[in-house]
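Student: I would like to go through some labels and the cut-offs behind them. Can we start with the structure itself?

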Amino acid sequence: HRCECFYPTTAKCRYIKHRMNSIFWLFGRSAAGKTTLAHALQQKLLAIPHIYLDGDEMRNGLSQDLGYDEHSRWENHRRMACMAHLIAKQNHLVLLSSMAPLAAYREQINRMLDNGVYWIYVDTPLDECIRRDPKKLYQRSSSNGILSFPFDEPCVNEQVYTFNGMQINTTSVNALAERIVTVYRAGNYAI
């Protein structure tokens, strides 16, 4: 499927680039604290028109027709990227949280959105994610003691801002919210 928003005419390219200074994608393992961080950030971003897209809610709504095979997981992320793009075109800051588990997904999303995503990696150790496990995903996937879903840590060449998922507190959330507001207002991605 080709989504018009990802294949703009030359005349639209500058417009899309200009608008893409407003997509902030929180990613990390399941139970890393992405949603908790996003909700805390929302409270700090009240002065800026923004919309929060939760990966779980998107999966249960917009992507409820998809399975969990590799193609379906990619399609789910493609749909989220398209939705974020459409909202950003309306001059809203988009705060999105999802696993975005594979470097290939993040790379493809960057290409689709002309590198217009500010990636925020919620870095929580795997053992802590397993301990938290509110959806029991780790418990269900490790029937043989091996986790059945992959997660690629950010590569050296990926431009990401890393946030310590073990320290979601007022001070760290305020600092990240300040950074997001600064980046959004400046319209650039200086990490």
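Student: Why is D56 called partly exposed?

Tutor: Its relative accessibility is 38%. Buried means under 20% relative accessible area, exposed over 50%, and partly exposed in between, with a 1.4 Å probe and protein chains only. So D56 counts as partly exposed. Note that this is a predicted model: local features need pLDDT of at least 70, side-chain atom pairs pLDDT 80 or more, while totals for chains, interfaces and linings use all residues. Residues are numbered from 1 along each chain as its sequence is written, and side-chain values use heavy atoms, without hydrogens and water.

Student: What makes D56 and K135 a salt bridge?

Tutor: Their side chains meet at 2.8 Å, N to O. A salt bridge needs a side-chain nitrogen of Lys or Arg within 4 Å of a carboxyl oxygen of Asp or Glu. The pair qualifies as a salt bridge.

Student: What does the pair D56 and K135 tie together?

Tutor: D56 lies in helix α3 (residues 55-60) and K135 in the loop between α6 (126-132) and α7 (137-141), so the pair ties together parts that are 79 residues apart in sequence. Helices here are DSSP runs of H or I, at least four residues, numbered from the N terminus.

Student: Is K135 buried, exposed or partly exposed?

Tutor: K135 has 37% relative accessibility, so K135 counts as partly exposed.

Student: And how do R131 and E128 pair?

Tutor: Their side chains form a salt bridge at 2.7 Å, N to O. Both residues lie in helix α6, 3 residues apart, about one turn of the helix.

Student: Why is R131 called exposed, and why is E128 called buried?

Tutor: R131 has 61% relative accessibility, so R131 counts as exposed. E128 has 13%, so E128 counts as buried.

Conventions: Helices (H or I, at least four residues) and strands (E, at least two) are DSSP runs, numbered from the N terminus.
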